[in-house]
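Student: I would like to go through this structure with you. Where shall we begin?

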Amino acid sequence: QYHCLGYISLAEASVIDEKSVEGGFSLWVSAGGKEKVSVIQLQMVAPSPDAKAHWVGLLRKFIGIQNARSSHDESTQAPSKSGYLTKQGHIRKNWKLRWFILEKDTMCYYPSHTDSKPIGEIKLPGYTLERVESDTREHTFRMFGSGKKEFFLSAGTEAECVEWMESIVEGTSALSSNVHAK
């Protein structure tokens, strides 16, 4: 059983030491700003050296991403929305669960939230959103535009579908603000 003892911001964090411990590994992380610095120990279970390398790499990468974001202005510090949506494939028309990150005028999607390399990117300017209902898939919307690839995306709930559509429209002023309900 695990307990949450608190949260830290990784915006200004850095890994200062890494040690193997029985059944896993331990990372010492320095986090905080100029006035207050905390050093914490993260202990994680890793059943194999490959699993350890994978987790250490992800943590180091995430901390690096957060550090890069903190060096930009406030508007680029965090995605305006992220989460899972089910996306219809363009060729086979099968539906696959994908992790989406919306930042400004771009949506990137990944096989899962643990992946660092996107498998696709949608530049939002010029797209129109439309709610669609089908016999097989609820909470679905379509993104389309002249000369653009068409996307069908499905959320887990009605509320998530509305949140995603609103975030996409609000997330960029260059996006066509046409939102249709069918």
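Tutor: Start with cysteine 161, which is buried at a relative accessible area of 0%. Buried means under 20% relative accessible area, exposed over 50%, and partly exposed in between, with a 1.4 Å probe and protein chains only. This is a predicted model: local features need pLDDT of at least 70, side-chain atom pairs count only at pLDDT 80 or more, and totals for chains, interfaces and linings use all residues. Residues are numbered from 1 along each chain as its sequence is written, and side-chain values use heavy atoms, with hydrogens and water left out.

Student: How many disulfides does the whole structure hold?

Tutor: A disulfide is a pair of cysteine sulfur atoms within 2.5 Å. Searching the whole structure for such pairs gives a count of 0.

Student: Is cysteine 108 buried or exposed?

Tutor: Its relative accessible area is 14%. The limit for buried is under 20%. Therefore cysteine 108 is buried.

Student: Which residue in β7 is the bridge partner of cysteine 108?

Tutor: Strands are DSSP runs of E, at least two residues, numbered from the N terminus. Strands β6 (residues 106-110) and β7 pair in the antiparallel sense over 4 bridges; pairing takes at least two DSSP bridges. The partner of cysteine 108 there is glutamate 121.

Student: Which residues form the covered face of strand β7?

Tutor: In a regular strand, side chains alternate between the two faces of the sheet. In β7 (residues 120-123), Glu121 and Lys123 make up the uncovered face. The covered face has Gly120 and Ile122.
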